[in-house]
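Good morning. Please look at the model for a moment before I start talking.

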Amino acid sequence: MSIPEELKYDRSHEWVKTDGDAVVVGITHYAQDQLGEVVYVELPEVGNAFAVGDELGTLESVKAVSEFLAPVAGEVLEVNDRLEDEPNLVNDDPYGDGWLVRLSGSADGQDLLDAAGYQEFLIQESA
Amino acid sequence: MHPWVGAGPEDRRHILSELGLKSIDDLFASIPAGVCVDGLDLPPAKDESWIRRTLGEMASTNVAMDSTPCFLGAGVYRHVQPSVVDAVLSRAEFFTSYTPYQPEISQGTLQVIFEFQTLISRLTGLDVANASLYDGATALVEAVLFSHRVLRGKRELVVVAETIHPMYRRVLDTYTRAAGIEVAVVSPGTDGRLDPDTIRKVAGDRACCVAIQSPNFLGIIEDLPQLATAAHDCGALAVEVVTEAVSLGLLTGGGSFGFDVVCGEAQSFGVAPGFGGPHLGFFTCSPKHLRQMPGRLAGETVDEDGARAFCLTLSTREQHIRRAKATSNICTNQGLMALAATVWLEAMGGSGLRELASSCLARTEELKRRIAAIGDPWRIAYPHSPTFNEFLLVGPASGIELVEQLASEGVLAGVPTTDWGGSWPDGLLVAVTERNSAEDLDAFVAALETLS
């Protein structure tokens with residue numbers, strides 16, 4: 001189960017990467033594994049603002065639909081348009097080409113976990 | 001206790017003692033006395049043969065549709081019913097099954113749904129049809145809520161034609177009031193048809209959809225291409241609702257004219273008219289809005305041996321999985337009635353359906369001509385507007401009075417518009433189908449002449 005060191009994580013299995021003044025958000029390897037083959041990604045509109053914990057969009061797999069949530073507050077600057085035709089990128093490359101949205105805002109001062117903390121969280125959750 | 005046999009006195013005593021109660025009354029003590037009935041004033045029990053005879057005598061005083069010239073329609077239509085429909089319908093494999101929660105084991109049910117979707121999609125001109133809904137009124141509601149979702153809840157207005165069946169609009173009001181969606185009703189022009197410019201004015205830039213019915217409540221065929229354009233000019237989705245599905249045998253479905261949703265009632269396809277139903281809703285849309293469509297879809301696939309097989313798809317957005325976030329709170333499809341429609345349509349075939357619809361149209365036009373020939377005091381409310389198999393007739397009295405007067409002449413002449421209000425004259429909606437014989441038409445005309 002891959003958990004890159006340089007990322008931050010929240011407890012609903014989103015990852016956050018600081019990218020200049022903005023953050024990039026996706027779901028973790030663990031999350032995509034739990035979801036199974038993703039067949040459709042519903043993304044928010046650019047320009048919409050979200051608070052921490054708001055529903056950003058949905059991920060539909062063969063057997064379920066799940067929401068993904070905003071790990072930090074901010075405005076949507078960009079969404080990953082490639083997912084429209086290639087939703088499987090979320091499974092194949094969750095930390096890379098399978099990213100979901102770019103939000104204005106910062107991971108600093110947020111209640112987020114580092115890689116070790118997220119690893120610990122996963123162990124506790126599965127216990 | 002055997003599961004098929006109710007609890008006897010001994011069982012009841014046992015249950016009550018386990019519960020620490022003395023009597024049945026103690027068990028129901030929490031029900032307020034004010035709502036309890038203290039004994040019912042009923043005659044002593046009768047035996048079965050007495051009941052059959054007595055109720056049979058009562059039933060025989062009804063005026064039956066099949067033994068009386070009948071021109072009732074207004075959303076429920078009487079059409080031919082080939083025996084094959086009931087023969088297939090009454091097979092226990094279909095008749096007693098509930099919606100399949102482990103669907104792929106029910107290949108027959110899935111194949112029926114798949115064929116139903118295919119047939120409905122071909123009739124409406126839109127590529128995606130769902131597995132059915134409860135009835136036409138809820139299909140309209142679903143189309144409105146669907147439009148609201150597609151435009152991401154940013155447009156809170158729904159523009160609805162007054163000429164959509166009044167009962168459908170009442171069901172819609174019930175939902176929209178709860179959802180905080182505003183409804184604007186657009187009345188027809190003096191020809192009974194909608195004016196696209198009026199729609200543009202009312203919709204402005206606030207409407208998520210423009211919903212119309214064709215043939216409309218007055219039986220009149222709307223100008224679908226113009227109405228679709230008017231809706232789209234306002235950035236709204238165009239929704240067509242159909243209450244007489246047989247019209248699709250002759251009239252092109254709205255999907256071919258740019259409508260985003262074509263939905264409605266398919267009772268005409270093999271479901272006999274009855275008090276309160278069952279009815280059969282259908283819903284079709286374009287693939288780009290697939291994910292917002294209510295309900296489920298059956299799909300065609302192959303099994304592990306490569307053989308043709310069917311599966312249930314898109315149920316991921318249904319209530320039993322998504323709870324409050326489901327696309328709809330109608331969780332099942334109207335399976336048995338969808339089967340009836342499928343068998344009926346397959347028995348008719350494309351040319352059969354067209355012939356049937358042509359026959360409805362021809363008989364309706366004949367009756368209209370003969371009524372026009374009688375003239376005063378009878379008048380067709382919108383004589384120059386195109387109709388399919390129904391029209392509004394105005395006579396020397398209110399619609400409700402005309403029903404009684406014509407019934408005493410031995411004709412069930414139509415459905416009165418009296419109690420429904422509306423911006424049209426008080427009269428009778430007269431529906432003519434292939435079930436109306438030449439003798440029926442003669443009886444209708446004779447009755448009108450008697451009352452002239």
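Two residues are said to be in contact, or to touch, if their C-beta atoms, placed from the backbone, lie within 7 Å. By that rule, and leaving out residues up to four places away in sequence, Ala211(B) touches Leu140(B), Ala143(B), Val144(B), Val158(B), Val160(B), Ala161(B), Ile164(B), Val239(B) and Val241(B).

Some housekeeping. This is a predicted model, in which local features need pLDDT of at least 70 and side-chain atom pairs count only at pLDDT 80 or more, while totals for chains, interfaces and linings use all residues. Residues are numbered from 1 along each chain as its sequence is written, and chains are lettered from A and ligands numbered from 1 in the order in which they are written.

Back to Ala211(B), and the core. A residue is buried if 20 or more other C-beta atoms, placed from the backbone, lie within 10 Å of its own, exposed if 12 or fewer, and partly exposed in between. A nonpolar core is a set of buried Ala, Val, Leu, Ile, Met, Phe, Trp, Tyr and Cys residues joined through C-beta atoms within 7 Å. The largest such core has 121 residues, and Leu140(B), Val210(B), Ala211(B) and Ala231(B) have the most contacts inside it. Its largest share, 15 residues, is given by α12(B). Helices (H or I, at least four residues) and strands (E, at least two) are DSSP runs, numbered from the N terminus.

A second, separate core has 26 residues, among them Val25(A), Val72(A), Leu100(A) and Leu112(A).

Now the domains themselves. In chain B, domain 1 is 67–81 + 349–450 and domain 2 is 83–343; such bounds come from an automatic or database domain assignment. Taken over C-alpha atoms, their centres are 27 Å apart. On each side of the contact there are 28 residues: 28 of domain 1 of chain B against 28 of domain 2 of chain B. On the domain 1 side, α12 (335–374) and β11 (390–394) of chain B are the elements that give two or more residues. Of these, α12(B) gives the most, with seven residues. That side divides into 15 nonpolar, ten polar and three charged residues. Here Ala, Val, Leu, Ile, Met, Phe, Trp, Tyr, Cys and Pro count as nonpolar, Asp, Glu, Lys and Arg as charged, and the others, Gly among them, as polar.

And between the chains? Five residues of chain B are in contact with six residues of chain A. The chain B side has one nonpolar, one polar and three charged residues.

Next, one helix, α8 of chain B, residues 166–179. The expected span of a helix is 1.5 Å times one less than its number of residues. For the 14 residues of α8(B) that gives 20 Å, and the end C-alpha atoms are 20 Å apart, which agrees. Its buried residues are Tyr168(B), Arg169(B), Leu172(B) and Thr176(B), and they pack against α7 (136–150), β2 (157–161), β3 (182–186) and β5 (237–242) of chain B. After α8(B) comes Gly180(B), with a positive phi near 70°.

On to strands; two of them pair if DSSP finds at least two bridges between them. In chain A, six strands form an open antiparallel sheet in the order β1-β2-β3-β9-β8-β5. Why do β1 (8–9) and β5 (49–50) of chain A each have one side without a neighbour in the sheet? They stand at the edges, each with a single partner strand. Inside the order, β8 (residues 74–79) and β9 (residues 101–104) of chain A pair over three bridges, and Glu78(A) stands opposite Arg102(A).

Chain B has a hairpin of β8(B) and β9(B), with five residues between the strands; Gly306(B) in its turn has a positive phi of about 85°. Six bridges join these antiparallel strands.

Last, some backbone exceptions. Most residues other than glycine have a negative phi, and most peptide bonds are trans. The bond from Ser214(B) to Pro215(B) is cis, with omega near -10°, and so is the one joining Asp376(B) and Pro377(B), with omega about 5°. His13(A) has a positive phi near 70° and, with 24 C-beta neighbours inside 10 Å, is buried. Ser132(B) has a positive phi near 110° and is buried, with 29 such neighbours.
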